[in-house]
Every structure is written in structure tokens, then in C-alpha cells.
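Please have the sequence and the model open while I talk.

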Amino acid sequence: MDKTLINGQYGDSINASDRGLQYGDGLFETILVEFGCPCYLEEHLQRLQKGCEVLGFPPLNKDILEREIFQLIETNQCGVIKLLISRGVGKRGFLPPKNPNVTRLVSFSVTKATVKNPLLSLDLVLCHTQLSRQPLLAGLKHLNQLERVLARSEFGDTVSTEGLMLDVEGVVIEGTMSNIFIVSKGVLMTPTLENAGVRGIIRDYLIAQATQEGMDCREMELSVENVIDADEVFMTNSLMPIRAIKQLRIDDKAFIKEAGPYAHWALDNVLADIQHQVDQHAGKN
């Protein structure tokens, strides 16, 4: 059963006038927990702080958030932390309050499985629902997710398929719940996220790792044709953390893909980094 803290108190409901509920006026983070360690916690909090700055929220109190996160996690538990910040209760209308009293929601869902598994694969289907362009919000995980909800409904209740989302200009952006990487002629590529999309934690880690290792890694504008022609395609997020694409489906056409060395490189590096974080966490407790 999930455990939830709302403004530091155990509960299961928020005020009906909360702007997160009324307008989607807020942000969220989804954090992997491995053996009691919330992985990439600092990076998640940094992205959340960036979102607060963009939306004009008060600065995060990271100490309170970290304390509440660890309050919910028991020793050696695995699972998922969901962290949500809204602008709090306000009057009717879009005009935000000058001095908001933010709502802080932290929940923890226990899982039995860990991410230590061989490289798994997914089918990738091109979604008809497209992402709007909004540079102010690009990169953030905000509460306005209706485009992804509609896109996710296009391919039903399956855990073996992910949807590929374009923006309204037909440019490849991401999956419904993941970032995309492609490999072509030895070059690792991922879409720029200047106008739409979420700047994923694992995405940014892999870009930094590739740069450190001297790999040719580029953030660039990608087309559907680039994905079709790619030697490898793989998806990333904080929970998967890596999935190779075995088939790209566009309407009634299928393009077969194979897991290659870059997807294995990505998984090996992320799992090693997660294990390092788990070991460091264990050493502190």
C-alpha cells in the first residue's frame, strides 16, 4: 500500500481549491528507490528547483523534502517515490497568488523487483497525438500532461510498447514516458528539447558519460526518417532505466531493430552508477 505525506502529514486528499488540481499548476518527479536509496535524488531536486524558478514558486526546502522522502522508505526497500509540488490553494481565476503557500506531496510505492536485469526490449509505435511547442516549459516535468495521456491511450494497456511522440512541426521529441536515443554510423544522437519534452535524468547522465568517454554524442533535431534509418534505438527513464527498441511501427508498417552495443553500454553505465549510489547510501547508515 502506498504511503503519502501531504505537507508533512500522512493523508490521502488535498484541498479542492488547490491550483495543482484546478489548473495543473505544479511540478512532479518520479524517483527510483533501490535498497533504501533514492537514486539520482540530487539531480531530481535540481530539476524540480529549476521548475520552481520558471513557474515563480518559492525556493525548494531540500532538507524538508529529503527528510520526508526518507521518512517513507524503510531499510533496504525498493520502489518509487513520487514527489509533487503545486502552487497551493488560491482564489478562482488563473492569476497566481503573490505569496503562494505551496502544497508538498511525497508518496512511496513499494516494489519487489529491482532494476538489475538484462537489457529488455520494447516495440515503439508512432503516436498521432503531438506535443505542442512551449520553450518556457520545455525540459520540465509539470502537471500538464494531457498530451501524453492521450498518446498513451493510443496503444492500450501493454508494458511491452512505448509511444514515439513528435511535436506539431513533425520533429521527434521523446516517448510518452521516456527519452529516445538513436545510433547511426557510430554517432549517438538524442533530440534537442528546446521547444518541448522532458529533460530526463538518465538522458542527461548518459550525455555526460558519453562526453566523458570521448564518444560522438549529439543533441540535434531528429526526424522520423532518422529513427527509421538508425542502426540502434533505445529509450531511457528513471525507472526502466534502459529499453532497446526491437520494432518501430508506423501505421501498418513495421521496421525491425536490434539491441546493439550502445544500448548495452547505456544500461551497464546506469546500473553501475546506481550501484555506486546504493553502496554510498549503505555506508552512511
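The buried residues of α3 are covered by elements that include β1 (3-6), β2 (9-10), β4 (37-38), α2 (41-55), β5 (78-86) and β6 (103-111), where covering rests on contact, that is, heavy atoms within 4.5 Å, and where helices (H or I, at least four residues) and strands (E, at least two) are DSSP runs numbered from the N terminus. This is a predicted model, in which local features need pLDDT of at least 70 and side-chain atom pairs count only at pLDDT 80 or more, while totals for chains, interfaces and linings use all residues. Residues are numbered from 1 along each chain as its sequence is written, and side-chain values use heavy atoms, with hydrogens and water left out.

Within α3, residues 62-72, the buried positions are Leu65, Glu68, Ile69 and Leu72, buried meaning under 20% relative accessible area, exposed over 50% and partly exposed in between, with a 1.4 Å probe and protein chains only. These four lie on the same side of α3, because they cover an arc of only 105° around the axis, taken from the directions from the helix axis to the C-beta atoms. Asp63 and Arg67, on the other side of α3, are exposed.

Now the cores, each a set of buried Ala, Val, Leu, Ile, Met, Phe, Trp, Tyr and Cys residues joined through side-chain atoms within 4.5 Å. The largest has 27 residues, and among those touching the most other members are Tyr40, Leu206 and Phe234. Leucine 206, leaving aside neighbours within four places in sequence, contacts residues including Phe181, Trp265 and Val270.
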